[in-house]
Amino acid sequence: MSAKVVVSKRRNVNRQAIFLITLWPFPEDFFLSDPELKSKVPLEYLSHKEKYEEAVRKACLLFRKVIQLQNEGKGGMDNFREVLGGQLGSAILPDGNPITLHYVMFIPTLMGQGTIEQQAEWIQKAWNCDIIGTYAQTELGHGTFIRGLETVAKYDPKTEEFVLHSPTLTAYKWWPGGLGHSANYAVVVAQLYTQGKCHGIHPFVVQLRDEETHEPLPGIKIGEIGCKLGMNSTNNGYLGFDNVRIPRNYMLMKNSQVLPDGTYVKSPSSKLTYGTMIFVRVVLVQDAATYLKKASIIATRYSAIRHQSQIKPDQPEPQILDYVTQQYKLFPNIASCFAFQYAATWLWDTYNNITEELETGQLDNLPELHATACVLKAVSTADAAQGVEMLRLACGGHGYMTASNLPSTYGLVTAMCTYEGENTVLLLQTARFLVKMWQNKTNVYKLPTMKYLATALNRATPFEKSVEWVIAALQKTAAGKIDLANRHLNERVAKGQSYEDAWNNTSIELVSAAEVHGRTIIVEQFYNTVQGYKSRVSKELGTVLEQLLQLYAVNAALRCTGDFLRFTEVLGKDITVLQTWLEELLSQIRPNAVGLVDSFDMRDEILSSALGCYDGNVYERLFNEAQKSPLNAEPVNKSYNLYLKPFIKAQL
Ligand SMILES: CCCCCCCC/C=C\CCCCCCCCCCCCC/C=C/C(=O)SCCNC(=O)CCNC(=O)[C@H](O)C(C)(C)COP(=O)(O)OP(=O)(O)OC[C@H]1O[C@@H](n2cnc3c(N)ncnc32)[C@H](O)[C@@H]1OP(=O)(O)O
Ligand SMILES: Cc1cc2nc3c(=O)[nH]c(=O)nc-3n(C[C@H](O)[C@H](O)[C@H](O)COP(=O)(O)OP(=O)(O)OC[C@H]3O[C@@H](n4cnc5c(N)ncnc54)[C@H](O)[C@@H]3O)c2cc1C
C-alpha cells in the first residue's frame, strides 16, 4: 500500500483537481475487461431467480480470478478487499454478491474463534473454496439482542456431539447472506447447553448441504427469504434445525471449550465471541466512504453537464453546479468522502493494533475499540445513506432512473445502517461506554478517543473561525451532552426508577451524545491527517485539502447549532459567521469540484451510471439505456390488443 498524489484532469470541463489517495496495486483491468464479467442484459430486466443465477456465475468467476492472481503472486488480501467492497465488487455485482459472507464473515470467524487445530482443518478448505460458508447469527425473532437467540446446541457426552435444534419458528436463522442456495457450511451462533446448564451463545461450524449434490442434509430446513429493497442477489436465507448432530470439535473453541465429558471451560471474556462483528463494523466505514464517493462523482459530473433555468435574465441556462443550493447538496458530501476515508484508515490501523494485543491475552483496549467501531460505523453509514439519497435528488428526474445507478447504490448503502448492528443500537453501545468513562473520569485519561472528556467541559471555547475551534466546541458539546444525560440518568434512578428504565428513558439524549462524540473523532482524524499531509504536498493541494476539512468541520458545526448554543459559548451572531464561512467555502471549492471527484479515480465501468460518465455524454447514454428496455423490442405490445383496445373501443 503506498500513498501517492494523483493529479486528474477532466476533458470538457475546465477543471483540475488533486487528491491524495491510497493506491492498492490492484489490476482493475484484469476484471473489467473480461467480457464474461459483464451482464448481457441489464440486471433490472431479469427475474429474481435469473438475477441470482447470474450473480453466482459472476461471483465464481470473480473469485477464481482473484485466486489466480494470488497464485501468480500478484497481491493478497488487498485484492479480496477490492472485489468485495463497494468499488469493483458493486460494479460487477450491482445487486450484491452471494458469496461475500464466505470471505467477510465465515473465514474471519474461523480465524478469530477457531483453535489452531480447527483453523488447520477449516481455513484451508474455506480458502480453497472446497466449502462455501456464511455467518448465521440473526433469527426471525432476534437480530439485535443476540443473548436472546433461541437456536440451541445441546452437548451429548455419550456420542461427543452437539445437537442443534430450532425450538420455534422465531428460532429460525433469518438473513444470513448466501445462506439460501449458495453456502454449504455456516458458522451458526447458538445457545450452548452442557451438563444441564446454558452457557450463552457460542459459534459452531455446521454442514448444511451435501458437498457433492448440494442437497440440504437431513434435519436442515433451508431457503431464501425473498425480495428486498436492494441486495437482491445476495441470497439471504433462512435456516431451521431439527435435532442436527455435529461433532464436539465443530464448536469453535479458541475462547471457550466443551471438554469430551461435557465440562465447560469459560472464555477470558464472553465478548470475544463478538469479534467478527467488530471486524466487519471496521471495514464498513471504508465501504461507506466508497459508496458516497461513487454517488458524489455521479452527481457532481452530472451537475456540470446539466443546464437548467437562469440565474440572471437574458443569460444562458447555467450549469446547475453554479446554483449555491446545488453546491450545498454536493460539496459537503464530497468533504464527507475524505472525512470517512481518513477515519476508516485510522480505525483500520487501530483495529489491527488492538487485535494484536488481544492475541496476547491483553484485553484492556477492547471496550474502547468496540465503542469506537460502533460509533464510526453508525455515523458513517447513516451519513453515507443520507448523502447518497441527497445526491440522487440532486440529479432531479434522471437521478430516479435505474440507469443513473443511484437507486441501487442507495439500496446497498442504506442496508449498512441495519446490518452488522442497527445504528441506534450501536450508538447506545458507545453511549454505555461513554457514561461509564464519565462516571469514572480517571480512566478517561488513558483512552485516545476519550481523553478530551477529562477537560472539555471546563475549557473556555470563545468563538473563532477555525477548525480548531470547531473541534473544541464539538468536544465540549459531546462532554456536555454526556454529562447532562448522565445527570438525567442519575436523577431518574434517584426518583426510584431502575437503572435500566432510567437508561431507556434517557436514551434519546444518550444516542445524541454518542453521535456528537463520533463526529468529534471524525473531524479530529480529518484534521490530523491534513496536518500530516501539509508538509508533504504542494501548497495548492494543501489549500484544497484545508478547504475540504473546513467545509466538513463547519457543516458539522452547523448541523448542531442548537447544541452549540446550549453547551458552548457560541452566540447567535457567531452562527451567522459559520453560515458565511460555509458559503465562502462552497464558492472556493466550486472551481475544483469536478476535479475533486475525478480524483476519486473510479472508472466508468465502476460507476455504471449514464449520468456520471467521464465524457459527460449523459443524454446519449440515457437514450441508449432506454433502448434496452424489453418493451422497446416490439413496436406494439400485446397488451394493446388484449386490454387497451377493447377498453378504448368499449362504450363505457
Ligand atoms: C486466510 C484468511 C482469509 C481471510 C479473508 C478475509 C478477506 C476479507 C478482507 C477484507 C474485507 C474487506 C471487505 C470490504 C467490503 C465489506 C463488505 C461488507 C459486506 C458485509 C455484509 C454483512 C452482512 C451482514 C451481516 C450481519 O449483520 S451479521 C449479524 C450482526 N449482528 C449484530 O451486529 C447484532 C447487534 N447486537 C450486538 O452486537 C449485541 O447483542 C449488543 C447490541 C452489543 C448487545 O449485546 P449484549 O451481550 O446484550 O451486551 P450488553 O449486555 O448490552 O453489553 C455487554 C458488554 O459487552 C460489550 N460488548 C458488546 N458488544 C461487544 C463487542 N462486539 N466487542 C466487545 N465488547 C462488546 C458491551 O460494551 C458491554 O460491556 P460492559 O458490560 O463492560 O459495559
Ligand atoms: C441486508 C442485510 C444483510 C444481513 N446479513 C446478515 C448475515 O449475513 N448474518 C446475520 O446473522 N444477520 C444478517 N443480517 C441481520 C442484521 O444483522 C440485523 O437485521 C440487525 O442486527 C438488526 O437486527 P433486527 O433486524 O432484529 O432489528 P431489531 O433489533 O428488531 O430493530 C428494530 C428497531 O428496534 C430498535 N431496537 C432494538 N433493540 C434496541 C435497544 N436495545 N434499544 C433501543 N432500540 C432498540 C432498533 O433501533 C430498530 O429501530 C442482515 C440484515 C440485512 C438488512
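This is a predicted model: local features need pLDDT of at least 70, side-chain atom pairs count only at pLDDT 80 or more; totals for chains, interfaces and linings use all residues.
Visitor: Okay, ligand 1. Which residues come nearest?
Guide: K271, Y274, H370, Y419 and G421 come nearest, out of 38 residues around ligand 1. A residue counts as near if its C-beta atom, placed from the backbone, lies within 6 Å of the molecule.

Visitor: And which elements give two or more residues to that shell around ligand 1?
Guide: Those are α3 (77-84), α5 (100-113), α6 (116-127), α7 (275-305), α9 (366-393) and α11. The largest share, six residues, comes from α5. Helices here are DSSP runs (H or I, at least four residues), strands are E runs of at least two, and both are numbered from the N terminus.

Visitor: How many nonpolar residues are in the shell around ligand 1?
Guide: There are 23 nonpolar residues, plus nine polar and six charged. Nonpolar means Ala, Val, Leu, Ile, Met, Phe, Trp, Tyr, Cys and Pro; charged means Asp, Glu, Lys and Arg; the others, Gly among them, are polar.

Visitor: Switching to ligand 2. What comes nearest there?
Guide: Q137, T138, G143, T144 and W175, from 21 residues around ligand 2. β3 (133-136) and α11 (423-439) each supply at least two residues of that shell, and α11 gives the most, with three. By class, the shell around ligand 2 has ten nonpolar, nine polar and two charged residues.

Visitor: Back to the helices. How do α7 and α9 pack?
Guide: Their axes are 8 Å apart, at an angle of about 20°. That makes α7 roughly parallel to α9 (angles under 35 degrees count as roughly parallel, over 145 as roughly antiparallel, 65 to 115 as roughly perpendicular and the rest as oblique). Axes are lines fitted to C-alpha atoms, for helices over the stretch in contact, and angles run from 0 to 180 degrees between N-to-C directions.

Visitor: What's the make-up of the contact of α7 with α9?
Guide: It has 17 nonpolar, five polar and two charged residues. Among those meeting are I278, R281 and Y291 in α7, with H370, C374 and K377 among those in α9. In contact means that the C-beta atoms, placed from the backbone, lie within 7 Å.

Visitor: What about α9 and α11, where do the axes cross?
Guide: They cross at roughly 145° and come within 8 Å. In α9, H370 and C374 are among the residues that meet α11, whose side includes N423, L427 and F433. That contact divides into nine nonpolar, five polar and one charged.

Visitor: And what's the angle between α5 and α6?
Guide: About 165°, with axes 9 Å apart. They are therefore roughly antiparallel to each other. The contact includes H102 and F106 of α5, and W122 and W127 of α6; by class it has eight nonpolar, two polar and no charged residues.

Definitions and conventions
Residues are numbered from 1 along each chain as its sequence is written. Chains are lettered from A and ligands numbered from 1 in the order in which they are written. Two residues are in contact if their C-beta atoms, placed from the backbone, lie within 7 Å.
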